[in-house]
Amino acid sequence: MRILLANFAKMVNDSGGLAKVHCAFANEMQRSGHSVLMMYSDDREGEFFYPVDAGVELCNLRHVYGKDICYPKSYKLRREVLRLFSKKKARAINDRFTEKYLLPLVKTALDEFAPDIIVCFQPASSKTFLCDLNVTDIPVITMSHGDPEDYFHTYPPEELPSLGKSAVCQVLVPSFAEAIKKRFPEVKVRVIGNVVPQYEEQADLSAKKNVYKIIFVGRLTRNHKRPHLLIDAFSRVAEEFPNWTVEIWGAQDRKSYSSGLEKQIKNLGLTKQVFIKGATHDVKSVLQHGDLFAFPSAYEGFGLSAAEAMSMGLPVVAFRSCSGVNELIEDGVSGFLCEDGAEDFAEKMASLMKDANLRARMGAAAREAMKKYSADKIWSAWQSLLREVAGKK
């Protein structure tokens with residue numbers, strides 16, 4: 001089968017979850033004997049953060065067929081101004097850019113690769129194939145990497161018909177299916193989660209240590225991952241637990257926010273207990289040496305870093321209101337789901353910090369819960385879906 005993976009986002013040295021899934025999907029399909037083309041749109045040229053097998057074809061729409069297309073400054077300015085008033089209108093600028101500058105290149109790549117099926121990583125890429133190019137002879141699967149309900153509030157209305165035209169819309173957790181079904185009742189929706197590594201290693205939560213670690217892994221973003229809430233929460237219990245530290249792992253998003261985190265740590269007198277470690281390629285080792293995982297994210301599509309921590313046998317503390325994550329964690333069994341704010345987050349962390357038996361019990365439950373997201377089960381579900389959809393071509 002010839003599979004085109006369309007992800008109209010940056011990929012060069014990007015350590016985010018979307019890039020990780022894109023690379024993993026491409027590698028798995030190629031290793032299974034399919035021909036795979038990764039289509040993406042990045043101003044930069046260079047290596048990906050996550051490795052891609054040599055047999056996978058790459059198509060950066062900004063640098064292909066002898067062309068080098070940069071995002072115009074006028075578009076950037078307009079987009080940033082509109083972002084202050086409307087996310088929908090700001091996102092629509094990206095669609096206008098694709099329509100004006102990239103659409104002929106997409107058409108050329110489509111004709112050359114001649115896929116049997118197209119898997120789109122967001123409605124914007126689905127719109128390009130199903131609405132702009134009006135592709136009808138190649139089935140398109142539209143993936144959701146977050147709560148699809150967000151599409152209907154913050155995405156340009158021009159993108160939404162692509163959901164209804166998709167052969168299948170894939171979502172990550174069961175509750176996400178409803179958002180699409182109530183708008184497009186005739187569309188097939190399939191729930192397939194992300195692959196979670198099944199680590200042979202396991203964090204040793206019963207060992208006595210001189211220093212215990214709270215781990216956070218995620219991009220350093222103010223409104224999404226919110227590590228500042230973790231620092232705030234830890235400051236409320238740090239004096240009670242002098243032999244506990246916090247390690248914050250992840251790539252910097254905005255320098256001003258990262259600088260603010262450093263300042264927050266200093267102002268709270270936590271420079272000897274809270275450490276910003278930067279990005280890492282060895283998440284497994286980081287998790288294995290942890291004692292609990294703190295994840296103060298506001299929203300997620302799946303919460304892959306939290307899932308990986310659970311697979312390593314770490315209990316997780318997260319917010320009950322966090323979509324995606326709140327369906328991974330069974331409150332009081334594999335971790336704690338807190339009410340919004342630093343106070344309850346601190347209390348739940350403290351409950352685990354003072355009780356090694358509770359950490360071990362919840363960690364074991366967390367590890368067991370992640371087995372349903374093993375690679376063989378998730379990729380088998382995808383292979384079945386691809387064969388099913390392509391077979392109806």
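Select S321 to begin: it sits in the loop between β14 (316–319) and β15 (335–338). Helices (H or I, at least four residues) and strands (E, at least two) are DSSP runs, numbered from the N terminus. The model is predicted, so local features need pLDDT of at least 70 and side-chain atom pairs count only at pLDDT 80 or more, while totals for chains, interfaces and linings use all residues. Residues are numbered from 1 along each chain as its sequence is written, and side-chain values use heavy atoms, with hydrogens and water left out.

Show A298, N326 and D340: S321 touches them, not counting residues up to four places away in sequence. Contact means heavy atoms within 4.5 Å. S321 and G335 are 14 residues apart in sequence and 15 Å apart in space, C-alpha to C-alpha.

**The core**

Next, select I214, F234, F293 and M349. These have the most contacts inside the largest nonpolar core, which has 109 residues. Such a core is a set of buried Ala, Val, Leu, Ile, Met, Phe, Trp, Tyr and Cys residues joined through side-chain atoms within 4.5 Å. Helix α12 (residues 342–353) gives the largest share of this core, seven residues. Stay on M349. Among its contacts are I214, L230, F234 and V317.

**The sheet**

Colour the strands. Seven of them form an open sheet, ordered β3-β2-β1-β6-β7-β8-β9, with parallel pairing. At the edges are β3 (57–60) and β9 (189–191), each pairing on one side only. Two strands pair if DSSP finds at least two bridges between them. Zoom in on β8 (residues 168–171): three bridges join it to β9. Here V171 stands opposite V191 in β9.

Now bring up helix α1 (residues 17–31). Helix α1 packs on the sheet, touching β1 (2–7), β2 (35–40) and β7 (140–143).

**The pocket**

Keep α1 selected. Which element gives the most to the lining of the second largest pocket? Helix α1 does, with eight residues. A pocket is an open set of points on a 1 Å grid over the protein atoms alone where a 1.4 Å probe fits, with protein on both sides within 12 Å along at least five of seven lines; lining residues have an atom within 4 Å of a point. Finish with K20, C23, A24, F25 and W379, which lie nearest the centre of this pocket, among 26 lining residues.

Conventions: Axes are lines fitted to C-alpha atoms, for helices over the stretch in contact, and angles run from 0 to 180 degrees between N-to-C directions. Buried means under 20% relative accessible area, exposed over 50%, partly exposed in between (1.4 Å probe, protein chains only).
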